[in-house]
Amino acid sequence: SAGGMTWLGGRADGPPKPPPREQAVQLAGAHAAIAALLGVLARDRTGRGQLIDISGQEAVAATLETAAIAWIHAGRFPVRNGGVYEHVAHRIFAASDGFVAGGYSGSNRMWTDLLAWMVEEGEAADLVDEKWSDPLVRWQGRPHVDEVVARFVAKRAARAVAEEGRARALPWAEVVPPAQLTENPQLRARQFFVAV
């Protein structure tokens with residue numbers, strides 16, 4: 001909580017909610033591992049050891065994607081966004097059987113190729129209107145655009161959206177619960193998990 005993670009967690013219309021699985025401890029541990037490796041490298045170069053002091057609060061604060069940027073660039077405190085990013089048009093969408101992460105920010109192709117896909121499926125609604133080709137108009141009308149995209153995604157299975165998105169080089173990925181992670185085709189193909 002002191003690092004800000006709890007305040008930013010949860011739905012925008014609900015109370016603060018800490019993330020699961022002791023993520024603050026995991027973040028502090030990752031920072032500690034990096035610091036320890038750097039300490040070993042420094043010792044090898046200088047012959048002297050050093051004190052490594054890791055703050056869990058600082059580790060959490062350093063990894064909050066938009067919090068510091070919101071204050072530095074906009075002079076405001078960030079708020080809970082419920083999975084809808086304020087600085088890019090990417091979010092979590094409900095599929096027919098789960099969830100996918102995706103969006104239409106970045107290069108113009110991210111928008112035009114997503115729109116082409118929706119047009120092919122006959123589900124682009126009014127997004128084919130020329131006004132939506134302007135990124136500023138799209139950003140200002142993001143609630144409407146997100147609603148049309150959400151309807152499109154909701155009719156499809158999460159894995160199907162992710163696979164078709166990948167085939168089109170679009171930034172879409174299936175969001176799977178931890179219990180299903182071992183079935184991930186890419187991780188299985190790379191033999192990422194090993195028995196120990």
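**Exercise 1. Determine what share of the contacts in the chain between residues at least 6 apart in sequence joins residues at least 24 apart.**

Contact is taken as heavy atoms within 4.5 Å. Among the contacts between residues at least 6 apart in sequence, 58% join residues at least 24 apart. This is a predicted model, in which local features need pLDDT of at least 70 and side-chain atom pairs count only at pLDDT 80 or more, while totals for chains, interfaces and linings use all residues. Residues are numbered from 1 along each chain as its sequence is written, and side-chain values use heavy atoms, with hydrogens and water left out.

**Exercise 2. Locate Ser105, decide whether it is buried or exposed, and list what it touches.**

Ser105 lies in the loop between β2 (99–103) and α5 (108–120), where helices (H or I, at least four residues) and strands (E, at least two) are DSSP runs numbered from the N terminus. Buried means under 20% relative accessible area, exposed over 50%, and partly exposed in between, with a 1.4 Å probe and protein chains only. Because its relative accessible area is 17%, Ser105 is buried. Not counting residues up to four places away in sequence, Ser105 touches Val88, Ala89, His90 and Met110.

**Exercise 3. Carry out the analysis for Arg168: its place, its burial and its partners.**

Arg168 is found in the loop between α8 (158–167) and β3 (173–175). Its relative accessibility is 19%, and therefore Arg168 counts as buried. The side chain of Arg168 makes a polar contact with the side chain of Glu164 at 2.7 Å; such a contact is a pair of N or O atoms within 3.5 Å, of which, within protein, one must be able to donate a hydrogen and the other to accept it, and residues adjacent in sequence count only if both atoms are side-chain atoms. Leaving aside neighbours within four places in sequence, Arg168 is in contact with Arg109, Asp113, Trp117 and Glu120.
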